[in-house]
Amino acid sequence: MEGRRKYSLAALNWTMFSVSGFMGLYQAASQVVNTRICAGMGVGSSGMGLMLSLYFAAQVVSAPVMGELADRVGKKRVLCAMLGLVMAGCAALAAAPSFPFVCLGFFVTGFGFSGINAVQSGVISDENGAANAARVLGDGQAVYGLGTTLSPLLCALLLGDGGWRPIFWLVLPLFGLCLLNFLRMPFGGTVSYTGKKTAAFSLIRGDRVFVLCMVLMALAAATESVVYLWLEPYAREAGFTQSQTTLLLTLYWLVFIPGRIVAGRIRNIAALL
């Protein structure tokens, strides 16, 4: 029984890692193709700003809503629903006949990704135990980094210097395989909702480390948004070739991997900061 439990836990963790890797693949791929999408749809930089704003706004809305919903109805249900939503968003992007469908696709995938992130950490903590959660989460984020590292190279191979649709058709069935795997696994069925509201402002007033973590997360998100939005236009203006731009993106995401692995093994939060 113990051996079966370990096998099931390993299968669950690796499916979680796969989701993280495919999310990284999507994230970096959309970073590569966002200017191509705008050019193909005949919209300028304002259009790119709109679709990315919708993508990040959906993430802001989704995380607290899906986190609480998972406590009410179970983490597995929410996780599978969010994967289905991501697949729908990928399909909308791959088959988009017009720019509004592109915006819808980015909004839906952003909502789904944030919901997955909100639930994923809870599932890993529940199933692996609090003592191992940071290590497993760090390893999962390292796989995310691997996905982002390989993505620009994969885009260069599949897309060349134009197009964007094939990369979204590629990731759609990959998320589908993860969804099918989750559906057959027994996890996340416990409903832990107590009806108590989180005293967020009390936490902020009472925990300086919590405040510092929030500030650092906001700065990291802002930095990633800048890279996400402007790296390719900057590289083009600077006279970089497509191959050089791909190399820049690959190097940017490559350093993500060792940082996540090391951070997941540091137990002391003060030492980590």
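Buried means under 20% relative accessible area. Met23 has 5% relative accessibility, so this residue counts as buried. The model is predicted. Met23 sits in helix 1, which spans residues 2-41.

Which residues does Met23 touch, leaving aside its neighbours within four places in sequence? The contacts are Phe113, Ile116, Asn117, Tyr144 and Phe175. Gly145 is 122 residues away from Met23 in sequence. In space, the C-alpha atoms of Met23 and Gly145 are 9.5 Å apart.

## The largest nonpolar core

The largest nonpolar core holds 58 residues. Met51 and Phe182 have the most contacts inside this core. Six elements are listed as giving two or more residues to it: helix 1, helix 2 (45-73), helix 3 (75-95), helix 4 (99-128), helix 5 (130-159) and helix 6 (165-183). Helix 1 supplies the largest share, with 14 residues. In soluble globular proteins, nonpolar side chains tend to be buried together.

## Cysteines

How many disulfides does the model have? The count is zero. The rule asks for a pair of cysteine sulfur atoms within 2.5 Å. A disulfide is a covalent bond between the sulfur atoms of two cysteines.

Are Cys80 and Cys178 buried or exposed? Cys80 has a relative accessible area of 10%, so Cys80 is buried. Cys178 has a relative accessible area of 4%, so Cys178 is buried.

Terms used
Residues are numbered from 1 along each chain as its sequence is written. This is a predicted model: local features need pLDDT of at least 70, side-chain atom pairs count only at pLDDT 80 or more; totals for chains, interfaces and linings use all residues. Side-chain values use heavy atoms; hydrogens and water are left out. Buried means under 20% relative accessible area, exposed over 50%, partly exposed in between (1.4 Å probe, protein chains only). Helices (H or I, at least four residues) and strands (E, at least two) are DSSP runs, numbered from the N terminus. Contact means heavy atoms within 4.5 Å. A nonpolar core is a set of buried Ala, Val, Leu, Ile, Met, Phe, Trp, Tyr and Cys residues joined through side-chain atoms within 4.5 Å.
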